[in-house]
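These are my notebook entries on one protein chain.

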Amino acid sequence: MVEKSWVLIVLVVFIMHGDESLASDPDPIQDFCIPNPKFGAIKTAHLSILPCKNSSEATADDFVFTGLKSSGNFTDTGLATFPVNPTIFPGINTLGISFVRADLKVGGINPPHFHPRATEIAYVVQGSVYSGFVDSNNRVFSRVIEQGEVMVFPKGLLHFQMNVGEKPATIFACLNSQNPGLQKIPSAIFGSGINEELLEKAFGLNHKQIGTMRRRFDPKTVN
């Protein structure tokens, strides 16, 4: 357990204090910024700016999060995720990080997706997970990573995971942005309203097949 905790700490420190030129979010201008619940968030194009409360009012509890002790709700792909950002963990506000717990049932998958604003480091807490990403030359970098191993997914590149073990798998991932963004490829293609004729020509599918895919990945009907 001590070894696992040490690895998680290293992951977070790496993302927070790695090469500043690679940082996805602006550098903070104070030690920390605990959001003040008395004021509403200021919306920008990609971020909600949360006004800080007086630093003298901060407590140790603001910098502790206990919500990752159990998994989230599973989808029909066998995946459960619990993303953590400043909205639910005030202590990481303005620090340029976020993280997520992901659980995979046996045979479960984390479908191809990407984060447009962040690099991700994924640490396998338990299980055997086939993991990989695709670069801009369509080259696949993939392998099975086991308990205690780590894989990095470069910023903006499509990546994926599948539990290939005989037991449930748990992954802890850190991202170097408090708002990394998430775009799932199937939903982006078939659930976004792209012109149907274009999709038919791009994928060699007929009208009925496109309809089936749209019903499956329409964000209004898929959790």
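I began with a definition: a salt bridge is a side-chain nitrogen of Lys or Arg within 4 Å of a carboxyl oxygen of Asp or Glu. I note that the model is predicted, that local features need pLDDT of at least 70, that side-chain atom pairs count only at pLDDT 80 or more, and that totals for chains, interfaces and linings use all residues. Residues are numbered from 1 along each chain as its sequence is written, and side-chain values use heavy atoms, with hydrogens and water left out.

Entry 1, salt bridges. I found a count of five salt bridges under this rule. Side chains of opposite charge can pair when their charged atoms come close. I looked up where they sit: both are in helix 3 (residues 196–203), four residues apart, about one turn of the helix. Helices (H or I, at least four residues) and strands (E, at least two) are DSSP runs, numbered from the N terminus. Next I checked cover, where buried means under 20% relative accessible area, exposed over 50%, and partly exposed in between (1.4 Å probe, protein chains only). Lys201 is exposed because its relative accessible area is 65%, and Glu197, at 46%, is partly exposed.

I also noted a bridge between Asp103 and Arg101, at 2.7 Å from N to O. Both Asp103 and Arg101 are buried. Another bridge pairs Glu149 with Arg143 at 3.4 Å, N to O. Glu149 is partly exposed at 29% relative accessibility, and Arg143 is partly exposed at 47%.

I counted four helices and 12 strands from the listing. Of the 223 residues, 35% are buried. Contact means heavy atoms within 4.5 Å. Among contacts between residues at least 6 apart in sequence, 67% join residues at least 24 apart.

Which residues does UniProt list under "binding site"? The unreviewed entry places this feature at Asn110, His115 and Glu120. UniProt positions are given in the numbering used here, feature names are shortened, and annotations may be inferred rather than shown by experiment.

I took His115 next and found it in the loop between strand 5 (109–114) and strand 6 (120–126). Is His115 buried or exposed? His115 is buried, because its relative accessibility is 9%. Leaving aside neighbours within four places in sequence, His115 contacts several residues, among them Glu120, Lys155, His159 and Leu182.

Asn110 is in strand 5 and is buried, at 12% relative accessible area. With the neighbours within four places in sequence left aside, Asn110 contacts Leu79, Leu104, Phe160 and Gln161.

Most residues other than glycine have a negative phi. I wrote down Thr94, which is not a glycine but has a positive phi of about 70°. Thr94 lies in the loop between strand 3 (79–84) and strand 4 (98–104) and is partly exposed at 23% relative accessible area. Asn138 is in the loop between strand 7 (128–134) and strand 8, and Asn138 is exposed, at 66% relative accessibility.
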